[in-house]
Amino acid sequence: MEDEEPSHIKGVVIISLPPPDNPSLGKTITAFTFSNPPLPSPLPLSYQPSFQQQTHQSQYPSTSHLHSSFNRVFLSTLLKFFSFFGILIFTLFLHGSLSSTTLQQLRVSNSDNGGEDDGLTTYMFPLFPKFGIHGQKDVKLQLGKLQKENFVTQRNAKVASRVADLSSVFPIGGNVYPDGLYFTYLLLGSPPKRYFLDVDTGSDLTWIQCDAPCKSCAKGAHVLYKPKRSNIVPSMDSLCMEVQKNQKNGGYHESFQQCDYEIQYADHSSSLGVLIKDELHLMTRNGSKTNLDFVFGCGYDQEGLLLNTLSKTDGIMGLSRAKVSLPYQLASKGLIKNVVGHCLSNDEVGGGYMFLGDDFVPYWGMSWALMANAVTTDLYQTEILGINYGNRLPSFEGSRKSGNVVFDSGSSYTYFPKEAYLNLVASLKEVSWLGLIQDDSDTTLPLCWRANVPIKSVKDVKHFFETLSLQFGSKWWILSTMFHIPPEGYLIISKKGNVCLAILDGSNVHDGSSIILGDISLRGHLVVYDNVEQKIGWKSADCDIPMRSRKTHNFLTDGML
């Protein structure tokens, strides 16, 4: 072995002899490899290199072995570090997601945690499924405003009302098509009786059909409300003067000792009646009950398409910014902050929930836009700076650079100003090149398309259409706030199995120059109207009732449907 170079050593074997006092332990043989070439076959026990070589190599291993060992240790440590770091990031992300979801479902007030209690609470309403009313183009375009004509009720009217036991969460039911509305309920009278009310952010006054006696009423979902004279609101009441402030001849008559109203809706339906006041019973989100006097309308004469809507409901819940609206009355009594929210389900079953107060407003994830013309209108309206259909821009009237958007849960469909509507229809002509053919024989809505086979769901044809994007806040796209309307937010499937455009020409709706966002486009969003901060917010949501409210109250156990 004297002729061999040290660099050619391929391995070394260390033999440990047994201790002199215990030779029965035998020898221990250990083999090491130092070179980069493939490992040699295991050394046989009979291989006996000199002891001097074993000692020399075991004390001074080669540099290449030290470098390889260091690399393995370093890479292993680095891999463990990044694995731990990745797991940490994933854990934080998961925790944040769960926390965000919880906060989006419920803002827990300070009083629940032993903190300062501001005395305000939140009431939430379920929105229930409804059946009936088929084949109507828009059974619920409300935007109901009190008219400038005084109408005196029949002199023998006996008026009253009593509102009863609500849970803190009120589910919403209904759908855009074929029912054409979303509704919840109130309990009125003593003993309390349930009445279904159309949820309408475009109406001021809450009213129900009543037997005062009734001159023109639909069958309704329940027996007509029976009023009592003791609950008539006098003509000098502040809310009566608010209702009648724009009416002729001073708006009231002291000799009549009652407060009359007339509401004219955008679809030319109307309701005539008298104001009444009675006890409203609400249950807060923590299970406590609240009773208060509530002013609402006793409608004894309804006309127009409204009668069709009332075949399955009993009246309308006014949720606008007006002083006579339900949220304003609750806020004026210090029970809630003047905040309204609703979430209309985007699935075929319909439903959702609504709430009064701010406890269910998410801490984050919301997009906000300031209310426009807050002093001159009671509608929930904001300024829009642009509309995009995919990458195209349907323009507003003439050369205007902006317009107004009204959020109206009382409208089944969405309405565009004439020019924007015509430009959108022109953009949609491309679907004919993709396999959909316009079907003029389908009168469900003005514009419908058929396919080679009947269409069962919007999901089957949504790839033919683009998302609509409404731009708010800033003219700079990156700084602006967007409201996105996917194809499901402006298309319906008719009974003929066609897909129809649920955005209509709004030339004769409201002022003719505003966009009216109806239920079709509000679905799948949590929408919040903050009358304290005068802003409107929204975020995508599945519209399941918040878990905490679902645990606190069972909404579907007492024959609600």
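Start by selecting Tyr380, Phe407, Phe472, Phe483, Tyr529 and Trp538, which ring pairs link into a cluster. Rings of Phe, Tyr and Trp (its six-membered ring) pair if their centres lie within 6.5 Å; planes under 30 degrees apart count as stacked, over 60 as edge-to-face and the rest as tilted. The model is predicted, so local features need pLDDT of at least 70 and side-chain atom pairs count only at pLDDT 80 or more, while totals for chains, interfaces and linings use all residues. Residues are numbered from 1 along each chain as its sequence is written, and side-chain values use heavy atoms, with hydrogens and water left out.

**The ring cluster**

A search of the whole structure finds 14 aromatic pairs. One of them joins Phe407 and Trp538, which are stacked, with 6.0 Å from centre to centre and 25° between the planes. This pair links distant parts of the chain: Phe407 is in strand 18 (residues 403–407) and Trp538 in strand 29 (residues 535–540), 131 residues apart. Helices (H or I, at least four residues) and strands (E, at least two) are DSSP runs, numbered from the N terminus.

Colour the two residues by accessibility. Phe407 is buried, with a relative accessible area of 0%, and Trp538 is buried at 3%. Buried means under 20% relative accessible area, exposed over 50%, and partly exposed in between (1.4 Å probe, protein chains only).

Phe483 lies in strand 23 (residues 481–485) and Trp538 in strand 29, 55 residues apart, and the pair links distant parts of the chain. Both Phe483 and Trp538 are buried.

**Charges over rings**

Next, select Lys535 and Trp368. The charged end of Lys535 sits over the ring of Trp368, 4.3 Å from the ring centre. A charge sits over a ring if NZ of Lys or CZ of Arg is within 6 Å of the ring centre and within 35 degrees of the ring normal. For another case, select Arg194, which lies over the face of Tyr185 at 4.4 Å from the ring centre.

**The largest pocket**

Which residues are closest to the centre of the largest pocket? Select Asn346, Asp347, Glu348, Val458 and Arg523: of the 32 lining residues, these are the closest to its centre. A pocket is found on a 1 Å grid over the protein atoms alone, as an open set of points where a 1.4 Å probe fits, with protein on both sides within 12 Å along at least five of seven lines; lining residues have an atom within 4 Å of a point.

Strand 24 (residues 491–493) gives the most to the lining of the largest pocket, with 3 residues. By class, the lining has 13 nonpolar, 9 polar and 10 charged residues. Ala, Val, Leu, Ile, Met, Phe, Trp, Tyr, Cys and Pro count as nonpolar, Asp, Glu, Lys and Arg as charged, and the others, Gly among them, as polar.

Move to Ser216, in the loop between strand 9 (207–209) and helix 3. Ser216 is buried, with a relative accessible area of 16%. Not counting residues up to four places away in sequence, Ser216 touches Tyr300, Asp301, Gln302, Glu303 and Leu307; contact means heavy atoms within 4.5 Å.

Pro213 is also in the loop between strand 9 and helix 3. The peptide bond from Ala212 to Pro213 is cis, with omega near -10°.

Then select Gln258, in the loop between helix 3 (238–243) and strand 10 (260–264). Buried or exposed? Gln258 is buried, with a relative accessible area of 5%. Gln258 and Asn231 are 27 residues apart in sequence and 9.9 Å apart in space, C-alpha to C-alpha.

**Two positive phi values**

Most residues other than glycine have a negative phi, and most peptide bonds are trans. His510 has a positive phi, near 55°. Find His510 in the loop between strand 26 (503–505) and strand 27 (515–517), where it counts as partly exposed at 40% relative accessibility.

Gln534 has a positive phi of about 55° although it is not a glycine. Select Gln534 in the loop between strand 28 (525–530) and strand 29; at 36% relative accessibility, Gln534 counts as partly exposed.

**The whole chain**

Zoom out to finish. The chain has 8 helices and 29 strands, and buried residues make up 50% of its 561 residues. Among contacts between residues at least 6 apart in sequence, 73% join residues at least 24 apart.
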